[in-house]
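Please look through the structure shown here, with its sequence alongside. The paragraphs after it lead from one set of paired strands to a helix and its aromatic rings, and then to the rest of the chain.

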Amino acid sequence: MTSLLDLDPRWRALMDPDGPFGGLIDIGFDHPSDWPHEARGEAPFVKAGDDQLASELCRLGDRRFLRATLSLPVRGSDEALMVALWAEVPHAVFYAYLELLDGGAVPETTPATLANDLSPLAAQGSQVTLDFGDGTARPAAISADAKDISLDQLIDLYEATGTLARTALKSS
């Protein structure tokens, strides 16, 4: 039986753990797209006036953001792309999450707004749902716009986020 790896050489390049990229390349955003200050990089946090950015939390003016993980199964494979993104949340959810980090109760599942652009899958400002699970891991983002991903959408997303250029996948 012919596998997807045999049908399209781009599959082999991206999905094969022994291939040139070692398998799927997960995507991570350092900050919400509207963050106007320097990137955090390796620093534990960035503070600019009242605005603050840490690895999991962001305060920008009167807006509050949490880092979340979106899992996108890749159609035709057993793999999933993991995206570490930012979601804008109501103040009450932000502060409930802070309390969780100090041993408090797990926040309820809540609607939020995507704070990074995931075009062609979901635009910045799209609605997502954050599920805090049992509170031991980063919240899971669930998007009505992005449930799974095709190979072409994966390549488009890689290119749009600067993760990988389409030309890197030219067949040999």
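**Strands, a helix and its rings**

Q52 has R59 in β4 as its bridge partner. This is a predicted model, in which local features need pLDDT of at least 70 and side-chain atom pairs count only at pLDDT 80 or more, while totals for chains, interfaces and linings use all residues. Residues are numbered from 1 along each chain as its sequence is written, and side-chain values use heavy atoms, with hydrogens and water left out.

Two strands are said to pair if DSSP finds at least two bridges between them. Helices (H or I, at least four residues) and strands (E, at least two) are DSSP runs, numbered from the N terminus. β3 and β4 form a hairpin, with 2 residues between them.

A48 stands opposite D51 in β3. These two strands also form a hairpin with 2 residues between them, and G49 in the turn has a positive phi of about 65 degrees. Further along, β4 and β5 pair in the antiparallel sense over 4 bridges, with C58 opposite F65 in β5. Their hairpin has 2 residues between the strands, and there G61 takes a positive phi near 60 degrees. Most residues other than glycine have a negative phi, and most peptide bonds are trans.

R64 lies in strand β5 (residues 63-73). At 8% relative accessibility, R64 counts as buried. Buried means under 20% relative accessible area, exposed means over 50%, and partly exposed is in between (1.4 Å probe, protein chains only). The C-alpha atoms of R64 and Q52 are separated by 9.9 Å, and the two residues are 12 apart along the chain. Leaving out residues up to four places away in sequence, R64 touches C58, R59, A87, E88, V89, H91, F94 and Y95. Contact here means heavy atoms within 4.5 Å.

With F94, R64 has a further arrangement: R64 lies over the face of the F94 ring, at 5.9 Å from the ring centre. A charge sits over a ring if NZ of Lys or CZ of Arg is within 6 Å of the ring centre and within 35 degrees of the ring normal.

F94 is one of the buried residues of α3, which are V93, F94, Y97 and L100. Seen down the axis of α3, these buried residues fall within an arc of 115 degrees, so they line one face of the helix. The arc is that of the directions from the helix axis to the C-beta atoms. The face of α3 turned away from the buried side carries the exposed residues A92 and E99. The cover over the buried residues of α3 includes β4, β5, β6 (80-89) and β7. Just after α3, G103 takes a positive phi of about 100 degrees.

How many aromatic pairs does a search of the whole structure find? The search finds 2. In one, the rings of F94 and Y95 have their centres 5.1 Å apart and their planes at 85 degrees, so the pair is edge-to-face. Rings of Phe, Tyr and Trp (its six-membered ring) pair if their centres lie within 6.5 Å; planes under 30 degrees apart count as stacked, over 60 as edge-to-face and the rest as tilted. F94 counts as buried, at 6% relative accessibility, whereas Y95 is partly exposed, with a relative accessible area of 35%. The rings of Y97 and F132 have their centres 5.7 Å apart and their planes at 45 degrees, so this pair is tilted. Y97 lies in helix α3 (residues 91-101) and F132 in the loop between β8 (127-131) and β9 (140-143), so the pair ties together parts that are 35 residues apart in sequence. Both Y97 and F132 are buried.

Two other places remain. The peptide bond from S119 to P120 is cis, with omega near 15 degrees, and P120 lies in the loop between β7 (110-114) and β8. In helix α4 (residues 151-161), the buried residues are L151, L154, I155, L157 and Y158. They cover an arc of only 160 degrees around the axis, which puts them on the same side of α4.

As a whole, the chain has 4 helices and 9 strands. Of its 172 residues, 37% count as buried.
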